[in-house]
Amino acid sequence: MDFLLTATTPGQKFLVMFIAILLFVAVMGIVLWISDRPRIPSWVTVLGFLAPAALLLLFGLIYPAFLTIRDSFRDRSRSDFIGFDNYATIFSDAGFRTVLVNTALWVVLVPLLSAGFGLMYAVLVDRAFGEKFAKTLIFLPMAISMVGASIIWKFVYEFRPNQAGIEQIGLLNQILVWIGLEPQQFLLNPPTNNFFLIAVMVWIQSGFAMTVLSAAIKSIPDDIIEAAKMDGVSGFRMFRYVTLPSVRPAVVVVITTIAMATLKVFDIVRTMTGGQFSTSIVANEFYDQSFVFGQPGIGAALAVLLFVLVIPIILYNIRQMKLSEEQR
Amino acid sequence: MSNAPVTPDTPDDLVDKGRNLDEGPAGTQVKSTKQRKLTRAEQRAVDAKTRLASPWASAFAIVMAILWSIPTFGLFFSSFRPEREIKTTGWWTYFQNPGLTLDNYDEVLFGSSTNFANLFVNTVVITLPAVIIPITLALLAAYAFAWIDFKGRSWLFVGVFAMQVIPIQIALIPLLTQYVSWGLAGSFWVVWLSHSIFALPLAIFLLHNFMMDIPRSLIEAARVDGAGHVKIFFQVLLPLLVPAIASFAIFQFLWVWNDLLVALTFAGGSPNVAPLTVRIAELSGSRGADWHLLSAGAFISMIVPVVVFLGLQRFFVRGLLAGGVKG
């Protein structure tokens, strides 16, 4: 039965997969069968429906979260209490300060740029010829992995020295050469390399922003638009005085959602630079400290920091939702 | 973003509302009644014309669409060019340096140093249970939260709702320690388990929202007929929830298929479990100049999610709008 843990051939792997699914179905079948017995107390039924999910969440999310918070106050062996030392390191060390500044840059720029591009595009293609196709083009990056997106963009940024007989293979450097500039090592030169990484996330998230905002634009009642039109409002003024105020709640949701996603994103930095050349962000640094550099204490403190940074965004989001509900 | 039914306004109302919105010549009664005679479809056609009439707007949209597609196209096209051509010339010089081949795909899929065929199997084996298990568990929990009365229900639900904001990073180190001590680290089992756990808060929240949309009378009618919770769940709710389940299934599918962090943490060290994303990210660091492998490899990992996405886009958008967003 060794293959259950160390399946090596495709056949074995699929077999293990089917066994796992069957096992799961069997367990759930028994749980539901018990909770559906006649004359069983109702709390057993509730338990049958809720307990599997609740136990998993306790085991895999809540309990580990407490352990991580505890470990963030301990040293690298995870046994000796050292107070706030890990946090002090994060906030005083020059290397970590770069990480924090980069993270701030990401969390501010990605949501604003994505929402901006998404909104512009949603307005421009709204009811236009070929709308559905035009939207799919922008939306498609949402479907692919961030790792794949990183490869796509790394190729765009690829650098070749500007010498006779050597051609550029990266599109962006080729454009620089075409217009008579020197090709650049886009991913190697801080601090501008951060912006080229951020561009990838904007490229991905704009599709999300566009979709949500487009739905918001389409739900603006027709009579408001018609009325504005009859008053001769059109073009930019229509956007400024009719569209924008109507979709404002959706814009807030989009920006906060993307900000939270950006905070946690790690794939892009990992794949494109590995966090070198002063491009690391908190989520990437967490991985390196925890699993590469053997500093679980610092890693835990960074994870807690991520959690703490998410909270104000959530609170703002909730407040805005309440405000817009009151207005209705 | 509710699409509330619009109550029909009289033309006078329209004009009045219009005045409040902005200064400008108020529409006349005659004009507005004329507008009213247009059907919705005709009105949309007129709108389309007025939009395209602004060349700058159209130009901007087209430029943006091109900007968004060219990078993908460039790499995709390059993945079919011979290795030597990719490494020395740009894909836009194709006509001076012609030549298309499937060699890159052949090498990356079956070459001994990459063996993406094997990784593709790993990705599929990881993804299927990691979609089925959390959806099933979340459906049951969502049902309990929506349709069974018990003490502390709303508090528990708020707790689950709040769990959505916990970054999964906070759970990774203790979970890995636990898996290692069980001797399960680096197996499919812990990858499935971890993905299932991390999916639950969002899944329960989303499916609960969809469940609350089902009319109470349907459930109560079934209850009056003497059906128990299990019977109601399978015979009344499940058939109605198929679109909702599809929405979340696509989400979870894309999330697991495209995931790097969970796979890297729990399966990164074992080539027999690691999915495509882990190996591509690794190749990007160790063999970053091998564009013939990176390009083909990247598209092998993208093809399935893109097909699923294009085929089921409708459900995906529905899930997005219902609040299903995961970082």
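Modeller: Let's begin with B:Arg279, which is buried at a relative accessible area of 19%; buried means under 20%, exposed over 50%, and partly exposed in between, with a 1.4 Å probe and protein chains only. A word on the basis: this is a predicted model, in which local features need pLDDT of at least 70, side-chain atom pairs count only at pLDDT 80 or more, and totals for chains, interfaces and linings use all residues. Residues are numbered from 1 along each chain as its sequence is written, chains are lettered from A and ligands numbered from 1 in the order in which they are written, and side-chain values use heavy atoms, leaving out hydrogens and water.

The side chain of B:Arg279 meets that of B:Glu282 in a salt bridge of 2.7 Å, N to O. A salt bridge here is a side-chain nitrogen of Lys or Arg within 4 Å of a carboxyl oxygen of Asp or Glu. The two residues are three apart in helix α15 (residues 276-286) of chain B, about one turn of the helix. Helices (H or I, at least four residues) and strands (E, at least two) are DSSP runs, numbered from the N terminus.

In chain A, shared partners link salt bridges into one network of A:Asp126, A:Glu131, A:Lys135 and A:Lys218. Over all chains the structure holds 13 salt bridges. Another in chain B joins the side chains of B:Glu220 and B:Arg216 at 3.2 Å, N to O. These two are separated by about one helical turn, because they sit four residues apart in helix α11 (residues 216-224) of chain B. B:Glu220 is partly exposed at 34%, and B:Arg216 is partly exposed at 47%. Over in chain A, A:Glu158 and A:Arg160 pair at 3.0 Å, N to O. A:Glu158 is buried at 14%, and A:Arg160 is buried at 17%.

What about salt bridges between chain B and chain A? The count there is zero. What the interface does have is 13 residue pairs in polar contact, both residues at pLDDT 80 or more. A polar contact is a pair of N or O atoms within 3.5 Å; within protein, one must be able to donate a hydrogen and the other to accept it, and residues adjacent in sequence count only if both atoms are side-chain atoms. The side of chain B that touches chain A gets the most from helix α7 (residues 116-147) of chain B, with 16 residues. In all, 132 residues of chain B and 116 residues of chain A take part in the contact, where contact means heavy atoms within 4.5 Å. About 11000 Å² is buried between the chains, with carbon and sulfur atoms giving 75%; buried area is the accessible area (1.4 Å probe) that two parts lose on being put together, summed over both.

One element with cover from both chains is helix α5 (residues 131-139) of chain A. Its buried residues are A:Glu131, A:Ala134, A:Lys135, A:Thr136, A:Ile138 and A:Phe139. Their cover includes α4 (94-125) and α8 of chain A, together with α4 (55-78), α16 (291-311) and α17 (313-321) of chain B.

Helix α8 of chain A also holds A:Asn193, which counts as buried at 0% relative accessibility. Its side chain reaches the backbone oxygen of A:Leu187 at 3.3 Å. Leaving aside neighbours within four places in sequence, A:Asn193 contacts A:Phe186, A:Leu187, A:Leu188, A:Phe277 and A:Thr279. In the loop between α7 and α8 (192-218) of chain A lies A:Pro191, joined to A:Pro190 by a cis peptide bond with omega about 0°.

To finish, back to the chain where we began. Chain B has 17 helices and zero strands, and buried residues make up 53% of its 327 residues. Among its contacts between residues at least 6 apart in sequence, 70% join residues at least 24 apart. Chain B exposes about 14700 Å², of which carbon and sulfur atoms supply 66%; accessible areas come from the Shrake-Rupley method with a 1.4 Å probe, and for residues only the protein chains shown count as cover.
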